[in-house]
Amino acid sequence: MQQDFNSLNKLIELGLDFAVRYGLQLLGALVVFVIGLKLALWLGMRTTLLAERKKLDVTLARFFGNVVKIIVLTAVILITLGNFGISIAPLIALAGASAFGATLAIQGPLSNYGAGLAIILSRPFVVGDTIEVKHVSGVVEDITLAATRLRNEDGEEITVPNKSINGEIIVNSRSHRVVETRVTLEQTVDHAAAFAAIKKALSGFEGVMTGPVPQIGIHEFTAFDLVVGVRYWAPSRQYFQTRYAVNTAILEELRSIRILPRV
């Protein structure tokens with residue numbers, strides 16, 4: 001019992017000795033780290049806002065902001081470690097070796113970061129564009145070094161690893177997507193009147209772009225019918241909503257001039 005009591009006293013003495021020797025140093029390092037963290041976040045945000053005010057692309061603005069944040073945060077960590085007497089020279093050497101190793105491994109798990117850097121710098125698409133790649137499509141919401149995040153019309157979030165984008169064929173529709181619709185009519189109908197009715201239906205929708213001008217024409221012939229092709233540009237975020245509404249309007253217009261029968 002006495003031995004346990006002596007051990008406890010020694011432990012308390014060691015704790016008090018550590019607190020006296022390193023307490024202020026630890027507190028100072030903690031304060032420096034907290035202030036540095038807030039400074040890194042603030043500088044990163046300010047850099048992003050400044051880049052956006054200079055009319056820089058949103059993707060590049062966020063990239064530069066993150067770079068500044070990481071640099072400042074790294075400096076703060078090194079200063080904090082230095083306050084504890086930990087030499088930063090081995091850490092710098094380790095960082096250099098890690099960077100060299102990352103370069104060698106760029107075709108492996110880190111290839112996403114290499115592809116992300118290429119996307120950010122070459123800018124085949126930017127935030128707000130509508131792209132189709134690897135059989136998925138959506139509006140670009142964010143581009144990071146690791147992945148590109150899309151959101152489709154149903155609100156689903158799609159995360160595509162950047163290495164799956166780099167080197168692939170990318171269809172960039174910007175803020176609008178082309179809609180291609182076909183209407184089958186009898187060969188005996190007045191096709192000019194049908195074209196006019198379809199054009200009238202399209203003109204009633206604010207979301208349908210007037211430039212490029214919608215295209216209406218005979219797409220192909222069958223044995224007994226005409227296949228009329230309709231092409232126009234609709235907002236990417238309301239693609240299917242606009243398409244279905246336009247189809248309904250075309251149907252009603254064609255019925256109103258008796259080209260299609262009412263049921």
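Biologist: What share of the 263 residues of the protein chain count as buried?

Modeller: The figure is 27%. Keep in mind that this is a predicted model. Buried here means under 20% relative accessible area.

Biologist: And how much accessible surface does the protein chain have?

Modeller: About 17000 Å². Carbon and sulfur atoms account for 63% of that surface.

Biologist: Let me take a helix. Which residues of α4 are buried?

Modeller: Start with the general idea. An α-helix has 3.6 residues a turn, so residues three or four places apart point the same way. Now the case here. In α4 the buried residues are Ser 111, Asn 112, Ala 115, Gly 116, Ile 119 and Ile 120.

Biologist: How far does α4 reach from its first C-alpha to its last?

Modeller: Its twelve residues, 111-122, reach 16 Å. That is close to the 16 Å expected at 1.5 Å a residue.

Biologist: What follows α4?

Modeller: Arg 123 does, with a positive phi near 55°.

Biologist: Now the strands. In what order do the five strands of the open sheet stand?

Modeller: Strands of a sheet pair through backbone hydrogen bonds, either parallel or antiparallel. In this open sheet the order is β4-β3-β2-β1-β5, and the pairing is antiparallel. At the edges stand β4 (157-161) and β5 (171-174). Each has a single partner strand, so one side of each lacks a neighbour in the sheet. On average, neighbouring strands are turned by 40° against each other, direction ignored.

Biologist: How many bridges link β2 and β3?

Modeller: Four, between β2 (residues 136-143) and β3 (residues 147-151), in the antiparallel sense. One place to check is Ile 143, whose bridge partner in β3 is Thr 148.

Biologist: And how many bridges join β3 to β4?

Modeller: Five, and these strands also run antiparallel. Find Arg 149: its bridge partner in β4 is Thr 159. The hairpin of β3 and β4 has five residues between the strands. In that hairpin, Gly 155 takes a positive phi near 85°.

Definitions and conventions. Residues numbered from 1 in each chain as written. Predicted model: local features only at pLDDT ≥ 70, side-chain atom pairs only at ≥ 80, totals over all residues. Heavy atoms only, no water. Helix = DSSP H or I, 4+ residues; strand = E, 2+ residues; numbered from the N terminus. Expected span 1.5 Å × (residues − 1). Buried < 20%, exposed > 50% of the residue type's maximum accessible area, 1.4 Å probe, protein only. Pairing = 2+ DSSP bridges. Axes fitted to C-alpha atoms, helices over the stretch in contact; angles between N-to-C directions. Areas by Shrake-Rupley, 256 points an atom, 1.4 Å probe, with all protein chains shown as cover.
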